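Colleague: I would like to go through this structure feature by feature. Please give the general idea where there is one, then the case at hand.

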Amino acid sequence: MNPDSKGVTRNRVPAIALAPFLLITFGLTWGILALYILLPEVMAAIFGQMSGHHPLFILAVWTPAIAAFIVISYYAGLVGLRRYLLRMLLWRAPLAWYVFLVSIPLLFYCGAAIKGNLFTDPFPFTSLSALLSAFFIAFITGPIEEFGWRGLALPLLQRRFAPIWAALILGVIWGVWHLPAFLLSGTQQSGWSFTPFLVGSIALSLMVTPMFNASRGSILLPFLFHFQLINPIWPDAQPYDIFFFVAAALIIVLVNRKTMFRKAGAVTKVIPPKIQTKMAGKLTKKTTP
């Protein structure tokens, strides 16, 4: 898309961009994993056994970000892409959201308590290097998705729907996108049940949406939120953590009902006209999760 004859700046990504974003995201991810599901011996012989650390699996995880970069570059060029990426520097949000971020482990510990492994599972790492390696893998995998899901898809959905409905729709899409991992041995999801995971994805989408809007479109906060969800030191609480995800989501929606059920105030711009990047100022306390 080029500037028109009047010199309009190329800074708008149209709502229709959601279609190519989803096509690229699902096409790449499902295509890569489908080859391992349908041709496991051939793929293993060529590329090695699939695991959560396999380069092709990491590539599949990165596809929402890759798709977002492609779509934004097409509609807004490299200048628009750069301005979009500056949203990673947006950190100002109500203090309560940061309190919520650091409280997320409680959801896992409560789930583990019900599961019965809170005090029985040993610490999963025997050395500092193993711990740092796990942190690094977690940091460069799942959170990268947020460049696509919250960076592009959520603002486009909120142009048409109130945040509550946009969150529900995106939660379903986000959960279904993970489906091939449940059918593929060697991945963490292969040992889980898909239905609780889908419910959890919807609940998590409901949690992060008001946080996203309260931060005026920050990608950083959803990035940190996602990292907390896959932090390797939290106990394995599947599937009981889902109960606490749902409870937390309901509380967050209730507290933020004035903004969740109205389009006013929802972030709808993928590329804001101006980004404030000055790392100064105090966290506002006007809104709570």
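Colleague: Where does Leu86 lie?

Modeller: Keep in mind that this is a predicted model. Leu86 sits in the loop between helix H3 (55–85) and helix H4 (95–103).

Colleague: Is Leu86 buried, partly exposed or exposed?

Modeller: Relative accessible area decides this, with buried meaning under 20% and exposed over 50%. Leu86 has 22% relative accessibility, so Leu86 counts as partly exposed.

Colleague: How far apart are Leu86 and Leu220 in sequence and in space?

Modeller: Sequence separation and spatial separation have to be read side by side. Between Leu86 and Leu220 there are 134 residues in sequence and 9.7 Å in space, taken from C-alpha to C-alpha. For another pair, Leu221 and Leu106, the separation along the chain is 115 residues, and their C-alpha atoms are 18 Å apart. Leu221 belongs to helix H11 and is buried, because its relative accessibility is 0%.

Colleague: Now salt bridges. How many does a search of the whole structure find?

Modeller: The general idea is that side chains of opposite charge can pair when their charged atoms come close. Here the search of the whole structure gives two salt bridges. In one of them, the side chains of Lys115 and Asp236 meet at 3.1 Å, N to O. Lys115 is in helix H5 (residues 105–115) and Asp236 is in the loop between helix H11 (220–230) and helix H12 (241–255), so this pair ties together parts that are 121 residues apart in sequence. Lys115 is partly exposed, at 34% relative accessible area, and Asp236 is also partly exposed, at 39%.

Colleague: Which side chains meet in a salt bridge of 2.7 Å, N to O?

Modeller: Those of Glu146 and Arg150. Glu146 and Arg150 are four residues apart in helix H7 (residues 146–158), which means that about one helical turn separates them. Glu146 and Arg150 are both buried.

Colleague: Next, the backbone. Which residues does a cis peptide bond join?

Modeller: For this feature, look at omega. The bond between Gln238 and Pro239 is cis, with omega at about -5 degrees. Pro239 is in the loop between H11 and H12, and Asp236 of the salt bridge with Lys115 is in that loop too.

Colleague: What is phi of Arg216 near?

Modeller: Phi of Arg216 is near 60 degrees, which is a positive value in a residue other than glycine. Arg216 is found in the loop between H10 and H11.

Colleague: Last, the largest pocket. What volume does the largest pocket have?

Modeller: About 1,300 Å³. A pocket is best read by its volume and its lining together. The lining has 49 residues, and those nearest the centre are Gln188, Trp192, Leu229, Ile230 and Asn231.

Colleague: Which helix gives the largest share of the lining, and how do the lining residues divide by class?

Modeller: Helix H10 (residues 194–214) gives the largest share, with four residues. By class, the lining divides into 30 nonpolar, 15 polar and four charged residues.

Key. Residues numbered from 1 in each chain as written. Predicted model: local features only at pLDDT ≥ 70, side-chain atom pairs only at ≥ 80, totals over all residues. Heavy atoms only, no water. 1 Å grid on protein atoms, 1.4 Å probe; cavity = no way out; pocket = protein on both sides within 12 Å on 5 of 7 lines; lining within 4 Å. Points joined across faces, edges and corners; volume = space filled by probe spheres on them. Helix = DSSP H or I, 4+ residues; strand = E, 2+ residues; numbered from the N terminus. Nonpolar A, V, L, I, M, F, W, Y, C, P; charged D, E, K, R; others polar. Salt bridge = Lys/Arg side-chain N within 4 Å of Asp/Glu carboxyl O. Buried < 20%, exposed > 50% of the residue type's maximum accessible area, 1.4 Å probe, protein only.
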